[in-house]
Structures are given as C-alpha cells and as structure tokens.
Amino acid sequence: MTRMRFVDEYRDADKAQALAARIAELCEPGRQYKFMEVCGGHTHTIYKHGLEDYLPESVTLVHGPGCPVCVIPMGRVDDAIYIARQPDVIMTSFGDMMRVPGSGDTFFDANAAGTNIRMVYSPLDALKIAKQNPDKRVVFMAIGFETTAPSTAMTVLRAAKEGVENFSIFCNHVTIIPAIKAILDSPDLRLDGFIGPGHVSTVIGCRPYDFITRQYDKPLVVAGFEPLDILQTIYMILVQLSEGRCEVENQYSRVVPWDGNLRALGVINEVMELRPYFEWRGLGFISHSALKVREEYARFDAERIFDLPGVRVADPKACQCGEVLKGVLKPWECKVFGTACTPETPIGTCMVSPEGACAAYYNFGRFTRTRVMEATRS
Amino acid sequence: MTSVDDRERQVLERIDKARRRRAKIKDERITLAHGAGGKATHTLIEAVFLEAFRNPLLEPLEDQAVLSLGGPRLAFTTDSFVVHPLFFPGGDIGELAVNGTVNDLAMSGARPRYLSSGFIVEEGLPTEDLVRIAESMARAAEAAGVQIVTGDTKVVERGKADGCYINTAGVGVISHDLTLGASRARPGDVVLVSGPIGDHGITIMLARGELDIEADLTSDTAPLADLVDRLLAAAPGVRCLRDATRGGVATVLNEVARASDVAVVLDERAVPVRTEVRGASEILGIDPLYVACEGRFIAVVAPEDADAALDALRTHPQGTEAAVIGQVKADPPSLVLLKTEFGGTRIVDVLVGDPLPRIC
C-alpha cells in the first residue's frame, strides 16, 4: 500500500516487534494478566491489525462495554422504528445502527416495509435534510458516548438558532464512567488494568478515571486507536504493575488533554442533563448513565414530541451479550455464538457493529491463533 | 475436563459446519443488503434463484455461463446498472453498463462480441441526459470492440426509477482451450491484482456529495478483454479470473477460497491502494478490500507462470500497477487470511451487506 503520513508511523511492524519484546520481558513468569479495552474502537483495531499476535500468551485482552451501538436496548430500537412509522417522518441514523435488531425489525427491515430511515454521517447532515424537507419531520437517532454527544448538542443549538422547527433528536446518549463502575462492581470479573477509551477522553479528559485507581486499585492508561498506541498502552500498564504503581496515565496525549474539552462539555451541559437511570443492553439499568434533552429544548426532543410506547423488551434468553460486555465471557463462549447468532442474523448487539466484540471476533479472529499463524508463515 | 483451546476449537468447528449448510432465506422482505454482493446476496441467489433455475451451466455461479452450440465455445452474461449519480468523475452509467458486461465475458477469456441493452427510464429524465448516456455507451462499445445489436426501452412513472436503469447482456467467443473457474485454485498458486483497488467505489461515494470530502479520484471503469488476452497468451497457467466489482477483492477471493476449498493468504503491504482511497476509507472506517472496482480483476495463476503473468500485465497500459498480493494454501480451507501491514494476522470474511461506516 502507498505510505500515508500520520497513519503508517503508528503501524510500523519493526517498532511493534521491539515493543512486543519489552512487553514479554515485563510479564512475570507464571502470572496471568487480563486487561480490558473499554472502547469498541480499540476492539476493532485489535482485530483489524491482528494485534494479539504480538502479545505473550499470559496477556489476555477483555472487550469492554464501549461500543455505543452494542449497548442500545431493544426497546429503544423499537421506539425509534415507532417514530419512523409516524406520518411525514424521516428518521436519520449512523450507518452501524441500521442493522441492530429491535424486538422484531432492524432499521433496514423497517425501510423494506415502508419507513424512511436514512444513513447520515453527522447530525448536521440530519439538520440539512430537515431544512431541505420543511414539510417532513426529521428525527436524528442520537447515540454514542460523550464522544458524539457534543456534536448532537451543537446541532440542537444550531437548529434553535436557525429556527428549524421540524428537526428533533431521539436522545440515546450514554456516559462512560457509570458503565465502567458497573463492570468493576460485577463480582465475577478479575481485571489487572484498563486500556482507557481515547475518543471519549478527548471530551471528558483523564480526571474522571481517578476513582478506578483509588477505589479499585486498577491502573488505567488512556490509549490512541492505532495498533502501536495500544501496544504501547499495554506496555505502560505492565510498567506500572511491575513498579507497584497504580495511576491514570495518558498515552494518547497527542489528542487527549488532561482536563478534557471544557467547551464540548459545556455544550452538552447546555442542551442535555443526566437521566435518573437508563437501561443498557446486557448490563441492565444503571443510574445516572445517560443523557436526555433539557426542558428548555423540549421542542427538539423526539421523546416529548412523539408518544413513545417505551415498552421494555427483555434481552433474548439465549443471548449472553451482558456477560460478553462485562468481559466475563469471551465471545465464542456465548451459547449462541456463531450458530444462532451470526453477523447475518444477529441476536445480540455485540454481533452487529464491527466494533462489537462478537462481530470483531467472528469476522476477523474466528480461528485459533496457531492455525492462522501457521498458514500465514511464508 | 477439556482445555480452553479444545472448547474454542469445538465451537469453531460447529460454526464451520453451520456455514457449509445449504442457504435458507429467513428475511420476510428484500432489504438493500440483499443487493450489496455480500452474504445476504449469496443467500438470496442460492436460496431463491439457484433453487428455481438449477442446471449445470448455472451451478458454478461464475460471472458468465460458458455454452457450446456446435462451433467455438461461447460466453454469455447479463448485468444491470442502477448507479447513482448517473454521471460521476471518470465515467457514467452508460460506460459502466458496457464495460461491466464486457468484463464479465472477458473473465472467461472470451472475446466480447455483441451486447443487448435494455433501458428503464424514469418519466422526467432530461432527454439530453439520455443522449449523453447513449453516446457514452457507443464510445465504450467501440473501445471494447463490441456492437450493441438489440435493445428495449420502458418508461416508468416519476419516482419509480432513479433517472435511468440499464441492463446489458452480452455474448463473446472463447478461442482458447483453457478452463477457467473459481473452483480451480490449487495450493501453491499465486494471486495477482491488475491494479490499485477501490477507485470506483470511493469515487461514487464521494460523488454522491453526502460526505463533504473531496479527492482527486476517478472511477476505474474500463474494458479488460485486451488485458486478459495478453495475460492468457503469456501465462496459460491462469486458473481463474474475476473482476472485483460489488463486494471488492475480499468478496471475490472468498468465492475462490470457497469454490476451491483452499485458503487464500493476502499480504496487506502488497495490495495496491491509492492514497486518496486509503484516506477516504480511513475516514469512513471501511476497508478498501471490500470497495468495488470496475476495471480491475484478480487472477489466480499457477506458480510457474506467476512471473510471466505479472510481466504481461505490467507491460500493458491498463496493468502497470499490477501486483502479486497473495498465495493459495491448503489450510485453513474456505478462508481468506490477511497478513496485516502491522505484522499481525486476521480473517477477511464476506460482509453481510454494504460496508457500514462506523460511528467513532
């Protein structure tokens, strides 16, 4: 492939070899290490580049709950499709939401049956559609952590400023810290450290992770999204462990400021407030873990505009997404993995997004490492 | 007690078995995924069309059927074109409709000869646009050495076709006696690509104007029969040719791996991808291996002919950037593997539908 600046530097195989050797040196013989990468973007990088080939057998990566598509409960997908079925509605959504199943249909299925759900790349695109279609009601399916919440909030502010009254958002934004806390409190999990989310931290900064080191004694290193970033992060966690330290460190300082982005936080705070509780797929109800639109912006809030059924749909019995999201089960250990639940016919959300642990494992890693490495040895 | 490795192996074997089962279509309605060239398309073709039409000529599911009517062998194929927008940098729907069918014929090593063309035109399309499309088809036909000898026109109500849809069918004559096919790859064979991948797909995505990304990029649409002629003359050890259209190189190579029950091992560093295509793919979170080309093919070639094949491609103006991108191995069967530029390994599976952009 053609060399590309700002990308290839972070994918250099020679540097990876050198880091891998240092990682191996730091591992105490006989000790097993389990690190959780919180963010789905990291899961994707790990599988896409085959990063696990560089890790010693004693290091296991556990895939965390940071895939925004994966944590949306089925009832909310049903509600979104309900909105899309109302007269004159154009629903808009990020691409990887399109194949997430509700209790019955996905957005793609709903479209085949007559709804108008369009893929957009940013909430501003949705606002543009609203301006182009003044006789339609345009709703943006807002999902994601603090990473995407500022752009949703900005779009609401712009709609208010420009008086685009046929635009609203269906707010499903969630917050990362309560989810990490829920995982740390789950009794069946043993972790040695965290590969901290990178994009979220550009907004919230590194301070909110302090409780993880103080109360739970786990080191956390905020990591970038290129494969060398992640290898270096694993190295940094191992250095902390070997020196008996337990701190929040920032590997991704080229992008993440220690204090986060105060303006972005301000914009979120202007438009949204914490919900008392919110249901997470597989993890259940977590208090103060999601955002809703403030009263002042009620006219842009699809939840208030449309009379939502809001029916809670229990996760399918066979689905073990919760255990996978908490890192208790490896994707392949789920009862339905790869047989009833595949990327073609996903039962659980982890199988839908390419960032979902199950989809990543199924698409990229679905073979014992030894066999794959055997085949690619030239 | 069984070890973790053993349990994982058992699970993976169960999945492998499930994947080999006969395709069954479970969806209640047709969705866009069924047209994207990935798993959903395969399921639809196998469960609906192959089930209904089953015969030995259709069964290999090649890009074209090879027929014998007494004289020389004939290649016969059809393809429909629904691209939006109708005009894009480097081409238009008309040129695509000629080259697409010409290339499906060329992949059997046939000399394309005659095409048909069916138009489904939406009420309201500017006549000027239709004239432009027809003229473009005429130019493309001349360049490819084919004649458009029969056709059909239908006009449908406004809103029922996206400006204009075109179907073309084509016939070509096979004058060599090689047998090419996706099931003929053997361990040890070498995999080549005729040029940089993904230009067409990314050009179209950008031309739709939804992304606010601009790049100096044009579609790679081109007739490939000439290049194929050159290749087959220089390297009779060619086992299989496939143009990497819908679903891209990844999908095509998966078809080869499955039909031949072999592993295809790719080297990411060797795959030619233009910087613009890589850049746009990085931004969108999609993989160029799945992006459509309209003027590139992959060739699986016996090892002793690999050098001659590469040389034949590179000395033709359409193949100057051709490259060896991988190898065929015996194990693990039916899979495409990638040695990443980072130095790791992973599977390259067929996607369900279109590659979906990731949110963050």
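Modeller: Start with helix H8 of chain B, residues 275–284, whose buried residues are B:Glu276, B:Val277, B:Arg278, B:Ala280, B:Ser281 and B:Leu284. A residue is buried if 20 or more other C-beta atoms lie within 10 Å of its own, exposed if 12 or fewer, and partly exposed in between, with C-beta atoms placed from the backbone. Helices (H or I, at least four residues) and strands (E, at least two) are DSSP runs, numbered from the N terminus. This is a predicted model, in which local features need pLDDT of at least 70 and side-chain atom pairs count only at pLDDT 80 or more, while totals for chains, interfaces and linings use all residues. Residues are numbered from 1 along each chain as its sequence is written, and chains are lettered from A and ligands numbered from 1 in the order in which they are written.

An α-helix has 3.6 residues a turn, so residues three or four places apart point the same way. The cover over the buried residues of H8(B) includes helix H5 (199–207) of chain B. After H8(B) comes B:Gly285, with a positive phi near 70 degrees.

Now the wider setting. An automatic or database domain assignment divides chain B into domain 1 (21–59), domain 2 (64–174) and domain 3 (182–347). The C-alpha centres of domains 2 and 3 of chain B are 24 Å apart. Between these two domains of chain B, 21 residues of domain 2 are in contact with 21 residues of domain 3; contact means that the C-beta atoms of two residues, placed from the backbone, lie within 7 Å. On the domain 2 side, helix H3 (93–106), strand E5 (111–122) and helix H4 (127–144) of chain B each supply at least two residues. H3(B) gives the most to that side, with 8 residues.

Next, the core. A nonpolar core is a set of buried Ala, Val, Leu, Ile, Met, Phe, Trp, Tyr and Cys residues joined through C-beta atoms within 7 Å. The largest one has 222 residues, and those touching the most other members are A:Ile169, B:Leu192, B:Leu231, B:Val264, B:Ile298, B:Ala299 and B:Ala309. Helix H10 of chain A, residues 227–242, provides the largest share of this core, 8 residues. Leaving out residues up to four places away in sequence, B:Ala299 touches B:Leu192, B:Leu231, B:Val238, B:Leu241 and B:Ala309.

Finally, the two chains: 53 residues of chain A are in contact with 49 residues of chain B. H15(A) gives the largest share of the chain A side, 5 residues.
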